[in-house]
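User: I would like to learn how to read the features of a model like this one. Please take me through them in turn.

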Amino acid sequence: MALERTFSIVKPDATKRNLTGAICGMLEAGGLRIVAQKRIQMTLAQAQQFYSVHSERPFYGELCEFMISEPIVVQVLEGENAILRNREIMGATNPADADAGTIRKVHALSLGENSVHGSDAPETAAEEIAFFFSGLELVG
Ligand code: ADP
């Protein structure tokens, strides 16, 4: 398997609690390399566009408001099977269901405020990386 890249977000509940470094450490310990990273605060329009796949879901408004409530850290992660590996390191969406030692089990507050986002497939990873990073920000 060749090196793969995925997109990751340290969400507002985690940046607010100063957990960015702790989460980066868990990603690195899990075998992923942070190859691009920046701290930003999304506009409501950007959050709505990023989560447009969920626009019909009842939690869409709450999710978008949460995602703009504090700065976030957006990242590109690289490694063998990075998309799947990151999902393993993150744990299940609901921290109550997440395996021990995963980011969400250790740090998430709730199903909504669950500390991290990670792409779920190669197509979404490519789209999400391009949504936040220009080619100039991505080293080869
Ligand atoms: P994941 O982030 O694990 O890929 P989803 O794509 O299903 O999960 O959902 C995107 C995000 O929306 C979740 O990470 C979580 O923050 C939020 N979310 C999902 N389901 C709910 C829900 N039932 N109530 C509130 N927020 C939710």
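User: How many of the eight residues of strand β1 (residues 3-10) are buried?

Analyst: Some ground rules come before the count. This is a predicted model, in which local features need pLDDT of at least 70 and side-chain atom pairs count only at pLDDT 80 or more, while totals for chains, interfaces and linings use all residues. Residues are numbered from 1 along each chain as its sequence is written, and side-chain values use heavy atoms, with hydrogens and water left out. Buried means under 20% relative accessible area, exposed over 50%, and partly exposed in between, with a 1.4 Å probe and protein chains only. Strands (E, at least two residues) and helices (H or I, at least four) are DSSP runs, numbered from the N terminus. In β1, six of the eight residues are buried, so the strand is largely enclosed by the rest of the structure.

User: Which strands pair with β1?

Analyst: The general idea first. In a regular strand the side chains alternate between the two faces of the sheet. Two strands pair if DSSP finds at least two bridges between them. Here β1 pairs with strand β3 (residues 72-80) in the antiparallel sense, over eight bridges. β1 also runs antiparallel to strand β4 (residues 116-118), with three bridges joining them. Take Ser8 as the example. Gln75 stands opposite Ser8 in β3, and Gly118 is the bridge partner of Ser8 in β4.

User: How many aromatic pairs are there?

Analyst: A pair of aromatic rings is described by the distance of the centres and the angle of the planes. Rings of Phe, Tyr and Trp (its six-membered ring) pair if their centres lie within 6.5 Å; planes under 30 degrees apart are stacked, over 60 edge-to-face, and the rest tilted. That rule gives six aromatic pairs. One of them is Phe7 with Phe132, stacked at 5.0 Å centre to centre with 5° between the planes. Phe7 lies in strand β1 and Phe132 in helix α7 (residues 122-132), so the pair ties together parts that are 125 residues apart in sequence. Phe7 is buried at 0% relative accessible area, and Phe132 is buried at 9%. Another pair, Phe50 and Tyr51, is edge-to-face, with 5.0 Å between centres and 80° between planes. Phe50 and Tyr51 are both buried.

User: Which residues form one aromatic cluster?

Analyst: Phe7, Phe50, Tyr51, Phe131 and Phe132 form it. Rings can also have a charge above them. The rule asks for NZ of Lys or CZ of Arg within 6 Å of the ring centre and within 35 degrees of the ring normal. Lys38 lies over the face of Phe133, 4.7 Å from the ring centre.

User: How many salt bridges does the structure hold?

Analyst: Side chains of opposite charge can pair when their charged atoms come close. A salt bridge is a side-chain nitrogen of Lys or Arg within 4 Å of a carboxyl oxygen of Asp or Glu. The structure holds four. One of them joins Arg5 and Glu78 at 2.8 Å, N to O. Arg5 lies in strand β1 and Glu78 in strand β3, so this pair ties together parts 73 residues apart in sequence. Arg5 is partly exposed at 23% relative accessible area, whereas Glu78 counts as buried at 16%. Asp13 and Arg17 form another, their closest N and O atoms being 2.6 Å apart. A further salt bridge links Glu88 and Arg85 at 2.8 Å, N to O. Both residues lie in helix α5 (residues 82-90), three residues apart, about one turn of the helix.

User: Where do the buried residues of α7 fall, seen down its axis?

Analyst: The buried residues of α7 are Ala125, Glu128, Ile129 and Phe132. Seen down the axis, they fall within an arc of 100°, so they line one face of the helix. The arc is that of the directions from the helix axis to the C-beta atoms. The face turned away from the buried side carries the exposed residues Glu123, Glu127 and Ala130.

User: What covers the buried residues of α7?

Analyst: Contact means heavy atoms within 4.5 Å. The cover includes β1, β2 (33-40), α3 (44-50), β3, α5 and β4.
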